[in-house]
Amino acid sequence: MIGPFLVQAGQMALVLLAAPLLTGLVRKVKARVQRRRGASVLQPYRDLRRLLSKEIVLAHNASWLFRTAPYLIFALTWVAAALIPTFATGLIFSWTGDLIAIIALLGAARFLLALAGMDIGTSFGGIGASREVMIASLAEPAMLMIILSLALIAGSTQLSTIAAFMLSPEAGLRVSLALSLLAFVVVALAENARIPVDNPATHLELTMVHEAMVLEYSGRHLAMIELAASLKLLVMISTMACIFFPFGLVTGDAGAGRYLIGIGVYLLKLAIAGTVLGCFEMSIAKMRVFRVPNLLGGALMLGLLATLLLFVSVGL
Amino acid sequence: MGLAFDIAHMLAGLMVLAGLMMLYQDRLYPLLHVLALQAFLLALSVAWQAHLQDAPHLYITAVIALGFKAIFIPWALRKMVFRLGIHREIEPVVGTGLTMLAGMGLVALSLEVMLPVTAHADPVSRQDIALALSIVLIGLLLMVTRRNAVSQVVGFLAIDNGISLAATGAQGMPLVVEISVAFSILVAFIVIGIFLFRIRERFDTVDVEALDRFRGERR
């Protein structure tokens, strides 16, 4: 009984500690590709500490919603991160670790963020919230389509079951999985406000989405939101790693050494994903907001094609 | 089912994906790159079929596909686009989303039609034929929805890719037919190329709407 509990606690601590490091790594890689030296990978931790010690500046017309939203957003994202088998499948909450539940948690966090963006009544908050909701309404159908095709392949939407299936030789080499992976990458980029959809490093009025919503936040509220954004990036990468690259995942009971190896492999996966993300972001330009529906429509089509092709490979 | 089926299915599925990418592309050079990619996947697919069927002459077909369709024709089209001076033009594509949706519908339709019809064939050629039909239909859709003559040529070549996939999936296709098909494509390509320049000389554009206006058709 104590085993799963320890694994779960370890995972919750690990995701919380690794998330800022991942963000720092992506920023560092982007800086290096631009031939800048860039801030240290530990900079996000320092930012968080600085923000936590600063006082909060609140607008006069901020309601209770504006003050509570950051904590709720952070909590929802953290719970989502806790449900994903990152280095071991034997989590205490494994039975709730369902893909649809994770998407719902992230969707709830996004809903709160959009509400908080509109609460103050500035025009930037409104623009950011409306764009965010537009992107979400396009990204979520694509995500559900991907989940559908995965569920058809693995016979479950539960992450630990999917990971176990992918580890077995039964998974084989399927074109539907490749298409799902491609669609998942597009959706993950849109969900995390990364470059072809939104630029996380800019405050340009015409383009910002996520930054526009959180423009009025300061102090520990902003720290919570930044941490939640880092955690969300980690959630998406971990989900991808768990579904499509579940190597090194500890299944069932194992010794402490096996768990350490699992954690090492997981951190290695995060590092690879962060580096690839940084290089990818530097190699393409941001899209116009009105082209985003095309991109996400493409992801939806990929999901649909993956499901269609499944009828060939399973039906024969 | 095994790895043999999985690899054949993977390559054919990626060819369908390349067809859908063509529908999405609104610039000419990337469109040609996707065409080259599709032909490259075709060459791989044919080579895999050669390995599966133990038919050495299919390797020759694969080499023809690689040389002609994946390298020579895209390269020649690229030069042609450059000489026509339309290499920076963005083509007005009518409703990417709707076209893609229609493309998906065609894929579903061809699976629905082909899988019951070929019920007794072996799985590898069954899925090859079903997906080949969808590639052909997507090529037709590309020709119907585009107004630029070069894009229509690309659609025509995509249809040819689909037909080649179906032909190699069926066992016992003689080499003579393969070679003559390859050469007829080449001849058609040359004729189309000459026509493109003629259209360009006459109308100063390769937008086929100019032909409609020339015939006096009303829109």
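How many residues of chain A are in contact with how many residues of chain B?

1. In this predicted model, 18 residues of chain A are in contact with 23 residues of chain B. On the side of chain A that touches chain B, α7 (175-191) and α11 (292-315) each supply at least two residues, and α11(A) gives the most, with 12 residues.

2. The largest nonpolar core has 167 residues, and among them V187(A), L305(A) and M15(B) touch the most other members. Helix α9 (residues 219-244) of chain A provides the largest share of this core, 16 residues.

3. L305(A) deserves a separate look: leaving aside residues up to four places away in sequence, L305(A) touches L179(A) as well as V16(B), L17(B), L20(B), M104(B) and V107(B).

4. Turning to chain B by itself, the chain has 8 helices and 0 strands, which, read along the sequence, follow the pattern α-α-α-α-α-α-α-α. The radius of gyration of chain B is 18 Å, close to the 17 Å that the globule rule gives for 219 residues, so chain B is as compact as a globular protein of that length. Along its principal axes, the C-alpha trace of chain B spans about 55 × 35 × 25 Å.

5. Within chain B, buried residues make up 44% of the 219 residues. Of the contacts in chain B with a separation of 6 or more, 72% are accounted for by residues 24 or more positions apart.

Technical notes:
Residues are numbered from 1 along each chain as its sequence is written. Chains are lettered from A and ligands numbered from 1 in the order in which they are written. This is a predicted model: local features need pLDDT of at least 70, side-chain atom pairs count only at pLDDT 80 or more; totals for chains, interfaces and linings use all residues. Helices (H or I, at least four residues) and strands (E, at least two) are DSSP runs, numbered from the N terminus. The radius of gyration is taken over C-alpha atoms; the globule rule is 2.2 Å times the number of residues to the power 0.38. A residue is buried if 20 or more other C-beta atoms lie within 10 Å of its own, exposed if 12 or fewer, and partly exposed in between; C-beta atoms are placed from the backbone. Two residues are in contact if their C-beta atoms, placed from the backbone, lie within 7 Å. A nonpolar core is a set of buried Ala, Val, Leu, Ile, Met, Phe, Trp, Tyr and Cys residues joined through C-beta atoms within 7 Å.
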